[in-house]
Amino acid sequence: MPQVLRRSRFRLVYFGMAVSLLGDASLLLVPGILAKSLTGSDAAAGLTLFFFTLPLCFSPFFGYLIDRVDRRKLLIVTCVLSGISLAPLIAVTGQDRVWLVYPVSAAMGCSYAVIFSALGGLLKAILPEHLLAEANGALHTTRQGLRLFGPLLGVAVYTGFGLGALVLFDMVTFLVAAGVFAMLPVPEPVPAVSPAPSGRRREEFWAGVRHLSADPPLRRAAVALCLMFSLAGATESLIFAVIEHGLARSPEFTAFTSTAMGLGAIAGGLWSPMVIARRGELFAIGAGVGLYGVAVICWMVPAEAAVLGAMAVAGAGLTLEGVARTTLVQRRSPGHLVGRVSTAFESLTGVAQLLSLLGGAVLVSLVDYRLLLAVVGLTACCAGAYALRGGGLRRERAPAGNRSSCDTDLSPQAPSN
């Protein structure tokens, strides 16, 4: 991490993202708390997560935009619009206005999809390839660290000063992040791209999906992660069954499981650049997914220490997978396709996760939670093994035009003919 932090442009990106993520983390629990407190319904609270995840299914639309505009300006505009989109929360004062929580959650999901995909292309443009894993590890570690105390900060502000103060705080963090991104050097203008015929526009829209399916390491990673996420979303419901039936504790015990998972995720973020440097991205994806699978199986052990330890392992595995996935997309994709490839990945895994989240909410009341945990864990282990089998692909030469240097400008390259 120290090596990449020596670069001034990355320090600006890092600080801007850290400020924005602090605001996100502080508001993380509030939409669900509002929906639950005003309606008394667990389903109403759970819908906030559904609406947040829903935009990920339409990520290819964002990818087409990300690869056709200046990513620096896109980050600035997205941060400003994200801050403005929070304002309707202030009007949620009774049950008749609780519906406002859902469009705000969807807007935050759109913000997440655009910012992190645009960030992937931006990092590829401003950093040499050998520093990408270190940069992604630094950002993921900071993100997980903020998610440990950010929600506590948000709840403290909410209970002490009211919803308006918390929304205002989050809006300010987005505006500060926009200001920091504006301090990045202005890229040199690129030649204007003539509007493409409708047939060509369709080709450009699906270019990320085609690249993802044609590149062997990316394709293997996508298959492995879709397999894992096709069931992993069920754990959002299963963890409550583990706490209630396995540990005989109240739902508030999720504070301890979340903390354990966050601490493990921080460790995974610090550890991931070393694993990627030594064994490659596919190995790191396979190892991370496999660790997650083993951890889910261990949730069946009716002992608090075992479950908390397994939660830490799950957090480490998911972060290792996340850093490796981001780095693989950046390394294996040409600069003008990074946004579309990244959002294609997000769309595939997002749809799989959304379906498994809904399925888990239904099945947890019909099937023994231990059987479901075993199925989810074994499936994740199989997915990890599939990714690990492709570890030798890491030595393949990256596609032409895939290299970046610290002198590359921040604008997307014009699509080649």
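This is a predicted model: local features need pLDDT of at least 70, side-chain atom pairs count only at pLDDT 80 or more; totals for chains, interfaces and linings use all residues.
Helices (H or I, at least four residues) and strands (E, at least two) are DSSP runs, numbered from the N terminus. Residues are numbered from 1 along each chain as its sequence is written, and side-chain values use heavy atoms, with hydrogens and water left out.

**The chain overall**

- Of the 417 residues in the chain, 53% count as buried, where buried means under 20% relative accessible area, exposed means over 50%, and partly exposed lies in between (1.4 Å probe, protein chains only).
- Contact here means heavy atoms within 4.5 Å.
- Among contacts in the chain with a separation of 6 or more, 87% are between residues 24 or more positions apart.

**Nonpolar cores**

- A nonpolar core is a set of buried Ala, Val, Leu, Ile, Met, Phe, Trp, Tyr and Cys residues joined through side-chain atoms within 4.5 Å.
- The largest such core has 51 residues, and M228, I285, W299 and F345 are those with the most contacts inside it.
- At least two residues of this core come from each of α11 (207-214), α12 (216-232), α13, α14 (254-279), α15 (281-298), α16 (304-332), α17 (338-363) and α18.
- The helix that gives the most to this core is α16, with nine residues.
- Another core, of 48 residues, lies apart from it, and M17, L56, I66 and L131 are among its members.
- Leaving aside neighbours within four places in sequence, W299 is in contact with T235, I239, V242, V307, A310, M311, A314 and L373.

- Two packed helices are described by the angle between their axes and the distance between the axes.
- Axes are lines fitted to C-alpha atoms, for helices over the stretch in contact, and angles run from 0 to 180 degrees between N-to-C directions.
- The axes of α12 and α18 come within 9 Å and cross at roughly 175°.
- That makes α12 roughly antiparallel to α18, since angles under 35 degrees count as roughly parallel, over 145 as roughly antiparallel, 65 to 115 as roughly perpendicular and the rest as oblique.
- On the α12 side, R220, V223, A224, L227, M228, L231 and A232 meet V375, V376, T379, A380, C382, A383, Y386, A387 and R389 in α18.
- By class, the residues of this contact between α12 and α18 divide into 13 nonpolar, one polar and two charged.
- For these classes, Ala, Val, Leu, Ile, Met, Phe, Trp, Tyr, Cys and Pro count as nonpolar, Asp, Glu, Lys and Arg as charged, and the others, Gly among them, as polar.

**Helix α18 and its partner α13**

- Helix α13 (residues 235-246) and helix α18 (residues 369-389) have axes that come within 10 Å and cross at roughly 135°.
- That makes α13 oblique to α18.
- In α13, T235, L238, A241, V242, H245 and G246 meet Y369, L372, L373 and V376 of α18.
- The contact of α13 with α18 holds seven nonpolar, three polar and no charged residues.

**Residues worth a visit**

- G290 is buried, with a relative accessible area of 17%.
- Beyond neighbours within four places in sequence, G290 is in contact with A380, C381 and G384.
- The C-alpha atoms of G290 and C381 are separated by 4.5 Å, although the two are 91 residues apart along the chain.
- S272 lies in helix α14 and counts as buried at 0% relative accessibility.
- Not counting residues up to four places away in sequence, S272 touches G137, L320 and V323.
- S20, in helix α2 (residues 8-27), counts as buried at 2% relative accessibility.
- Leaving aside neighbours within four places in sequence, S20 is in contact with T173, F174 and A177.
- R389 lies in helix α18 and counts as exposed at 71% relative accessibility.
- A248 is found in the loop between α13 and α14 and counts as exposed at 63% relative accessibility.
- A248 has a positive phi of about 55° although it is not a glycine.
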